[in-house]
Amino acid sequence: MTHRTQVAIIGAGPAGLMLGHLLHRAGIDSVILETRSEAYVVERVRAGVLEQGTVDLMRESGLGERLDREGLRHEGLSIAFAGSRHRIDLSGLTGGRAITIYGQHEVVKDLIAARTAAGRPVHFNVERVVVDELASERPRVRYVQDDASHEILSDFIAGCDGSHGTCRSSMPAAHTQTFEHEYPFGWLGILAEAAPASDELIYSCHSRGFALFSMRSPTITRLYLQCAPDEDLSQWSDDRIWSELRVRLGTEDGWVPADGPILQKSVTGMRSVVTEPMRYGRLFLAGDAAHIVPPTGAKGLNLAMADVRRLASALVSFYVAADDTALNEYSGMALRRTWRAQRFSSWMTSALHRVEHASGFEHRRQLAELEYLVGSRAAMTSFAENYVG
Ligand code: APR
Ligand code: PHB
């Protein structure tokens with residue numbers, strides 16, 4: 001069966017869904033294809049920190065209602081090291097900007113609800129997605145759904161299919177370059193049914209390794225421990241996880257994170273990836289399909305949202321004003337933001353993680369880095385500007 005649309009969107013993560021939503025609001029038709037099931041996409045536990053720009057985008061595009069009701073606005077965070085905790089006043093240092101805690105899966109839920117209300121399709125559980133004829137004005141997508149073959153003819157294809165998707169690898173190798181860096185760390189993450197014992201995030205650089213205290217709601221805490229990239233989760237009983245979290249996050253005055261039943265645990269490795277350019281012919285990459293950042297700066301979701309905001313507005317200029325300037329500038333502009341986020345995320349990762357077998361010099365240098373950060377208003381301002389986006 002052959003379908004016709006203006007923009008074929010591959011992937012129903014936050015990037016693909018937000019792009020479809022923004023295009024629909026501008027009267028541009030799209031079809032979204034997703035290999036996973038709707039339940040999987042909605043329930044997947046991922047990021048949870050929205051920068052001000054992402055919150056603004058949700059509000060401006062009519063998705064602010066539940067976010068404003070349930071999102072937790074944070075105007076600061078703490079950095080802990082060498083036995084003490086230091087608050088960074090994100091809002092005071094950035095003229096009132098803040099971050100909002102709202103799970104990525106909540107964003108995805110809101111976007112799917114908007115898509116459904118608009119009556120526009122998201123095809124879940126599709127298989128064998130192939131993108132083709134990218135350099136022509138009629139790029140083509142083929143896929144299989146319920147054993148039937150389908151074809152989409154469109155003006156553009158948006159590759160929003162994440163880090164393991166098919167779009168990036170469909171760009172000719174001679175036309176693209178991929179830059180990668182693996183970090184020698186992983187994060188063991190848990191979601192726990194426990195009221196957050198602190199109102200704000202705590203990033204802790206401890207001699208036993210990095211730990212992060214975060215949350216999802218007034219009853220759910222999200223916590224992470226630095227571990228090996230290939231850490232064996234079966235070695236981590238719930239008791240061992242809690243006692244390690246108490247050691248790495250606890251303070252001298254007796255503060256420890258409140259514990260409770262662990263709802264979910266996982267290990268993820270950390271890497272940086274950037275593919276350049278983010279465009280080939282009529283195929284445009286956005287989000288994790290084009291770049292991965294280590295989670296330390298909480299940038300992944302926000303970069304994906306910034307990409308699709310830019311891409312949607314460039315497509316609107318193309319359709320409404322017959323102007324392709326913004327489309328031609330998309331990759332260069334998105335990459336500038338991406339590298340800025342890579343720089344910050346990789347700096348924050350190295351400033352806070354414990355490197356095994358590092359020299360005494362390295363430990364002292366790391367300590368000096370953190371002392372400078374929390375002791376200098378200029379350094380804190382730079383941190384805050386980068387963190388809130
Ligand atoms: N065809 C269709 N869909 C695909 C294909 C394919 N060949 N391959 C992958 N997908 C789907 C995945 O199942 C996933 O749902 O594309 C979607 C990509 O979504 P995400 O991985 O969430 O990526 P993105 O939308 O760019 O959002 C970035 O995700 O990893 C986090 O921290 C990151 O928060 C950031 C966000
Ligand atoms: C999270 O809440 O999942 C989270 C918070 C901050 C980060 C990364 C993840 O830097």
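A nonpolar core, as I use the term, is a set of buried Ala, Val, Leu, Ile, Met, Phe, Trp, Tyr and Cys residues joined through side-chain atoms within 4.5 Å; buried means under 20% relative accessible area (1.4 Å probe, protein chains only).

**Ground rules.** This is a predicted model, so I note that local features need pLDDT of at least 70 and side-chain atom pairs 80 or more, while totals for chains, interfaces and linings use all residues. Residues are numbered from 1 along each chain as its sequence is written, ligands are numbered from 1 in the order written, and side-chain values use heavy atoms without hydrogens or water.

**Cores.** I looked up the largest nonpolar core and found 63 residues, with Met18, Leu19 and Val141 touching the most other members. Helix H9 (residues 300-321; a DSSP run of H or I, at least four residues) provides the largest share, eight residues. I then checked Met18: beyond its neighbours within four places in sequence, it contacts (heavy atoms within 4.5 Å) Leu57, Met58, Ser61, Leu63, Leu111, Met305 and Val308. A separate second core has 50 residues, including Phe81, Leu90, Leu93 and Val374.

**Ligand 2.** Next I listed the residues around ligand 2 (a heavy atom within 4 Å); among them are Val49, Trp187, Arg222 and Ala298. Strand E16 (209-217; a DSSP run of E, at least two residues) gives the most to this shell, with three residues.

For polar contacts (N or O pairs within 3.5 Å), I noted ligand oxygens 2.6 Å from a side-chain N or O of Tyr203, 2.6 Å from a polar side-chain atom of Ser214 and 3.1 Å from a backbone N or O of Thr296.

Terms used: Polar contact = N/O pair within 3.5 Å; in protein donor to acceptor, adjacent residues only side chain to side chain.
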